[in-house]
Amino acid sequence: MAITVDVMSTSSPGHTSAAPTGGIAAEGTVTDRLVEANRRYASVFADPGMDARPVLRVAVVACMDARLDLHAALGLQLGDCHTIRNAGGVVTDDVIRSLTISQRALGTRSVALIHHTGCGLESLTEEFRHDLEMEVGQRPAWAVESFRDVDQDVRQSMQRVRTSPFLLHTDDVRGFVFDVQTGLLREIDPA
Ligand SMILES: [Zn+2]
């Protein structure tokens with residue numbers, strides 16, 4: 001049995017992804033659409049002349065959820081921040097790797113963690129790994145990092161950042177839950 005999970009089950013219906021918009025040819029794959037959109041982007045793009053260090057010296061760790069537009073939601077401009085995203089916005093070893101490089105090589109000082117309501121990880125369990133093993137004959141090395149309580153999950157993530165021995169700056173680490181229906185952030189008390 002193939003394992004698929006409907007992570008959108010708790011949310012409102014989305015747009016029709018197949019509908020061509022913005023003058024993009026109806027033929028072709030979705031990636032073809034992206035490449036075409038990039039041609040238009042580049043046609044008006046001006047080199048901002050920045051180096052790689054984020055202007056606001058902040059790294060944002062967030063869920064990959066498609067409803068979370070980090071730059072719009074946080075008033076961020078090009079060059080302002082590092083954005084590190086994965087399923088759940090979980091602080092994995094690889095997120096610590098990125099944060100370590102962000103702080104030690106590229107000068108960031110603050111970390112903002114953003115999880116959200118209606119996350120797909122709330123509908124999964126660690127059984128997902130077992131089911132995968134049954135299907136493909138190999139157990140993944142990674143944890144699913146599913147959770148039941150989003151507030152507690154944010155606290156867990158803050159704790160992982162604050163206790164990392166690799167990071168230089170762990171004083172300004174704050175965690176939030178983004179409400180996908182109102183667009184508002186709710187800050188989570190680390191205690
Ligand atoms: Zn999510």
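Predicted model: local features only at pLDDT ≥ 70, side-chain atom pairs only at ≥ 80, totals over all residues.
Good morning. Among contacts in this protein chain between residues at least 6 apart in sequence, 66% join residues at least 24 apart.

The chain has 191 residues, of which 23% count as buried.

I turn now to an annotated site. According to UniProt, in an unreviewed entry, the feature "binding site" falls at Cys63, Asp65, His116 and Cys119. These positions are spread over 57 residues of sequence, yet they cluster in space, with a largest C-alpha distance of 8.4 Å.

Is Asp65 buried or exposed? Asp65 counts as buried, because 24 C-beta neighbours lie inside 10 Å and the threshold is 20 or more. If neighbours within four places in sequence are left aside, Asp65 is in contact with His116 and Cys119, and both of those residues belong to the UniProt annotation.

Cys119 is located in the loop between strand S3 (110-116) and helix H4 (127-136). Cys119 is likewise buried, since 25 other C-beta atoms lie within 10 Å. Which residues does Cys119 contact, leaving aside its neighbours within four places in sequence? They are Cys63, Asp65, Gly88 and Val150. Of these, Cys63 and Asp65 are annotated positions in the UniProt entry.

Thank you for your attention.

Technical notes
Residues numbered from 1 in each chain as written. UniProt positions renumbered as here; feature names shortened; annotations may be inferred. Buried ≥ 20, exposed ≤ 12 C-beta atoms within 10 Å, placed from the backbone. Contact = placed C-beta atoms within 7 Å. Helix = DSSP H or I, 4+ residues; strand = E, 2+ residues; numbered from the N terminus.
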